[in-house]
Amino acid sequence: MVDNINQGSIILFSQNYSETNNLPANVFIAKIQREKAYDKLYSSIYATQESKVFFNNTSEGLKYANIRDSPLIPCSLLPGMDLISCFGINEYLEHFRSNLDIFTFCKCTSVPIIHYLEEPRHAGALYICSLTPMVKCDYEISMDINADDPQSFVELNSPGSRIIIQENEGQTLLKSYYKDSSGETRYEKVILGNASEKANFNIIFDGYNKTNTIYAEDGNSIVTPFYNLDRQNLPYLDFSSGYIKFTGFILGEGTYLDVDIYSINQTAERKLITAIGDSRIIPFGLDGPMNGTEEGIDYLKSKGYRGTMWFDKGLIEKSNETHINYLRSLVANDSWEVGIHYTKELNSLPLEEAYRLMDEEYQYVYEKIGRKPTSCCCLRNHDNLTHAIYAYENLGMTWRNGDAVIHAERDVGNLYDDTWGWWDTASNAGMSYPVFTHQLDLEPAIKYSISRSYFRNWVDNYYSNNMTVVSFYEYNQISRNTYDASFDNLQYNEKLLAFDAHTNGDSALVNVNITAGNDTQVYDTTLEKDLDYETEQDKSITFQVEDNHTYKIDLNSVE
């Protein structure tokens, strides 16, 4: 009998760009282009920023290059133009009111809001995918920046963070922003080192305490809550996402901003048996679910994929029994999750009325479909943290919305024709990001739905990346098991490793730190069957376990 003791760190993701000579497939720049009047006006006045990413033989790193043409008006007049642009355009005033969070962030950072809103829409952010969802993990980043105006900066978004990195008086300065309990935007700062040298730093993500801790190479550190106040106060475990993002902002008289990324590693505390997240699954679901989804669902099934259905009481009442039986069969036979899509905007209701509606429609869906809903949303996604807490504490459901789920990225949580430009590139790169839509089968699609051809491309892209589309519930449970899962009754000698697994009630993905041979066997003694496993680069093995099952690993054939 042995204990499941610490054994250092497990490498979950590692890319050393100084040791490669091509652009990895999991790296991409995505754009959301719009042709609004203020977009054209912005480009006319300030010029358009352009971004590209490539492997740089000179710096031996991944170069994220941002350039901007000279503005239409003299640079000396730009500060005054900023004021006029920000507050003199009626369309933008409406945009400000709907983006109060961005407004307060820009006020704290002294960044003109027109630049913060417009530049990423034209230039595009750099995404690095294939990282592993974890409740606790460590990101090690080596990079540097070079700009011709000290106001310019790169924003780094690791899970839960909003970080600005810029050159300041010969040093590389990092500021980590967050909302305090009153909703005010604040920050902590740390100097990463001399601006002429690489900046090496760590970001420790903690989804239990809802904090990010940032360590500079000299040992100095800062601790900040997650940026978003709602995310800080979720009543359940949070976990990291499968990507990080860099966005370049050229300000003042600047014409360029270069970001050289030398390496990114993701690690976590390792034990003999370690529960890890799955970087090859993507959560997907349907609102309604509406008619016009059957062909798309069949196409998902043909790949072994599944998802979540957020049932809407109003749509169920309008459906015939044949359609409802079809939906029930997806739940009973094909592992689709039952969620609930409340028929009203919960934000528009007094709390007592909102809670009553939540209880009544939850019970309706449960009785009609035959399984309890495990996640929720509402009409037009107009709900908030208060509703999320009630849903979790009284109905056992997690929240689909918010910064921890579909709103971590602006505008792309709904897969539909208007966001396809982003998703086309993202799905090719294996981007794992929670997403929903409405209809799947029409060509062209109705508003807020995805056209049939685009949806099939989306599915094919993930299939070619050896990824699996799953329900939000499955994605959440596997990810939270990186904290919840435990292992006991360990027996370990030169011939055998045996243990009992305890999870949050659903599957966990585990890595066992042994040196596997060609004929190593894994056996589930509870089910009395052999299990498939994957052999990692370090010869450890990874496989799925179930709650309260016992496992044996035959080590006789270990090399």
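**Close-up 1. Gln363 in the predicted model is partly exposed.** The relative accessible area of Gln363 is 35%, which lies between the 20% limit for buried and the 50% limit for exposed, so the residue is classed as partly exposed. Gln363 belongs to helix H10. In sequence, 166 residues separate Gln363 from Lys529, and their C-alpha atoms are 38 Å apart in space.

**Close-up 2. Helices H7 and H9 come within 13 Å of each other, axis to axis.** H7 spans residues 294-302 and H9 spans residues 321-334. Their axes cross at roughly 15°; angles under 35 degrees count as roughly parallel, and H7 and H9 are therefore roughly parallel to each other. The crossing of H7 past H9 is left-handed. On the H7 side, the contact is made by Glu294, Ile297, Asp298 and Lys301, and on the H9 side by His323, Tyr326, Leu330 and Asp334. Sorted by class, the residues of this contact are three nonpolar, one polar and four charged.

**Close-up 3. The largest nonpolar core contains 57 residues.** Within this core, the residues with the most contacts are Phe284, Tyr342, Leu415, Trp423, Met431, Phe455 and Trp458. Helix H10, residues 351-369, contributes the most to the core, with seven residues. Another core, of 41 residues, lies apart from the largest one and includes Ile10, Ile163, Ile165 and Phe201.

**Close-up 4. Surroundings of Met431, one of the residues with the most contacts inside the largest nonpolar core.** With neighbours within four places in sequence left aside, Met431 is in contact with Phe28, Tyr127, Cys129, Tyr243, Ile282, Trp422, Trp423, Ala426 and Tyr462.

Conventions
Residues are numbered from 1 along each chain as its sequence is written. This is a predicted model: local features need pLDDT of at least 70, side-chain atom pairs count only at pLDDT 80 or more; totals for chains, interfaces and linings use all residues. Side-chain values use heavy atoms; hydrogens and water are left out. Axes are lines fitted to C-alpha atoms, for helices over the stretch in contact, and angles run from 0 to 180 degrees between N-to-C directions. Helices (H or I, at least four residues) and strands (E, at least two) are DSSP runs, numbered from the N terminus. Angles under 35 degrees count as roughly parallel, over 145 as roughly antiparallel, 65 to 115 as roughly perpendicular and the rest as oblique. A crossing is left-handed if the near helix is turned anticlockwise from the far one by less than a right angle, and right-handed if clockwise. Contact means heavy atoms within 4.5 Å. Ala, Val, Leu, Ile, Met, Phe, Trp, Tyr, Cys and Pro count as nonpolar, Asp, Glu, Lys and Arg as charged, and the others, Gly among them, as polar. A nonpolar core is a set of buried Ala, Val, Leu, Ile, Met, Phe, Trp, Tyr and Cys residues joined through side-chain atoms within 4.5 Å. Buried means under 20% relative accessible area, exposed over 50%, partly exposed in between (1.4 Å probe, protein chains only).
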